[in-house]
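Q: Could you take a close look at one part of this structure and tell me how it is built and what surrounds it? I would like one connected account.

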Amino acid sequence: MEMESRDPRLCGAMPDRGAALRKVQDGIARACARVSRDVRAVSLVAASKTVSADMIAPLIELGQVVYGENRVQEAKSKWPALKERFPEVELHLLGPLQSNKAREAVSLCEVIQSLDRRSLAEALARECQRQARAPKLFIQVNTGLESQKAGVAPGDADAFVAECRNVWGLNVQGLMCIPPVGDRPEKHFLLLAELARRNGLGCLSMGMSADFMLAIEHGATHVRVGSAIFGSRPKLEVAT
Ligand SMILES: *Cc1c(COP(=O)(O)O)cnc(C)c1O
């Protein structure tokens, strides 16, 4: 495991996260070129769970301003100070959200990607109204129907999108999925793209370090990339 230091720019032995970031940006550009998409239509969400604020700040200074966190608690401990320093930052919540954390999530995040059930839709609607804020919301779809994974079943997605819009008045902009580990991701990307298309949703959050180029070729507008930028994480951090 790599040694962490306080400032990667001051230590020659540190992996060069700036170079890793450029490599990912280059991959995004190449994938866009392959399918004639405008590179500006793809947003790189740097998945920064477990990464300290000290390591994130230099990347913001390099122009990477969109980040994703998995836990409200961790987001709360890192991002208010970073956002004060860098007001241009856009923070996404990628991990499962408990309804009793909706208040903090709405105040901290510009985008919440893990809307997946009625009780959360209700809690978010209440908080959006109370705080007069309307973060963009993505509905998470459990495309692999995995019991341990969050997300609405693909068969319930159309009805849930309609409910979020019409009953709860939520600012639903897109869909998100995390394909099963070990499965070929294409069919999940195709399914998510079709669900978004038929519900008139413009944002598609799909693709991670291992498959973000493929996801872009299937229409991803948001790719969530962690380890390809920051290096590998402790094993216990499993995406759900
Ligand atoms: C950690 C995480 C990612 C990034 O995964 P990598 O394989 O490290 O790129 C993307 N999405 C979610 C929901 C995550 O939890």
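Predicted model: local features only at pLDDT ≥ 70, side-chain atom pairs only at ≥ 80, totals over all residues.

A: Contact here means that heavy atoms lie within 4.5 Å, and that is the sense in which one element is said to cover another below.

Helix H2 runs over residues 53–61, and within it Met55, Ile56, Ala57, Pro58, Leu59 and Ile60 are buried. The cover over these buried residues includes helix H1 (17–34), strand E2 (66–69), helix H3 (72–85) and helix H9 (227–230). Just after H2 the backbone takes a positive phi at Gly63, with a value of about 105 degrees.

Helix H1, which is part of that cover, can be described in the same way. Its 18 residues should span 26 Å at 1.5 Å a residue, and because the C-alpha atoms at its ends are 26 Å apart, the two values agree. At the start of H1, the backbone nitrogen of Gly18 has a side-chain oxygen of Asp16 within 2.9 Å. Just after H1, Ser36 has a positive phi of about 50 degrees.

Helix H9, at residues 227–230, belongs to the cover of H2, and its residue Ser227 leads on to the ligand, being among the closest of the 13 residues that surround it; the others named as closest are Lys49, Asn70, Ser209 and Arg233. A backbone N or O atom of Ser227 lies 2.7 Å from an oxygen atom of the ligand, while a polar side-chain atom of Lys49 is 2.6 Å from a ligand oxygen atom. For Asn70, an N or O atom in the side chain is 2.7 Å from an oxygen atom of the ligand. Taken alone, the ligand exposes 380 Å², of which the protein buries 94%.

As for cysteines, a search of the whole structure finds zero disulfides. Cys177 is in no disulfide, and the nearest cysteine sulfur, that of Cys203, is 14 Å away.

Key. Residues numbered from 1 in each chain as written. Heavy atoms only, no water. Buried < 20%, exposed > 50% of the residue type's maximum accessible area, 1.4 Å probe, protein only. Helix = DSSP H or I, 4+ residues; strand = E, 2+ residues; numbered from the N terminus. Expected span 1.5 Å × (residues − 1). Polar contact = N/O pair within 3.5 Å; in protein donor to acceptor, adjacent residues only side chain to side chain. Disulfide = S-S within 2.5 Å. Near = heavy atom within 4 Å. Areas by Shrake-Rupley, 256 points an atom, 1.4 Å probe, with all protein chains shown as cover.
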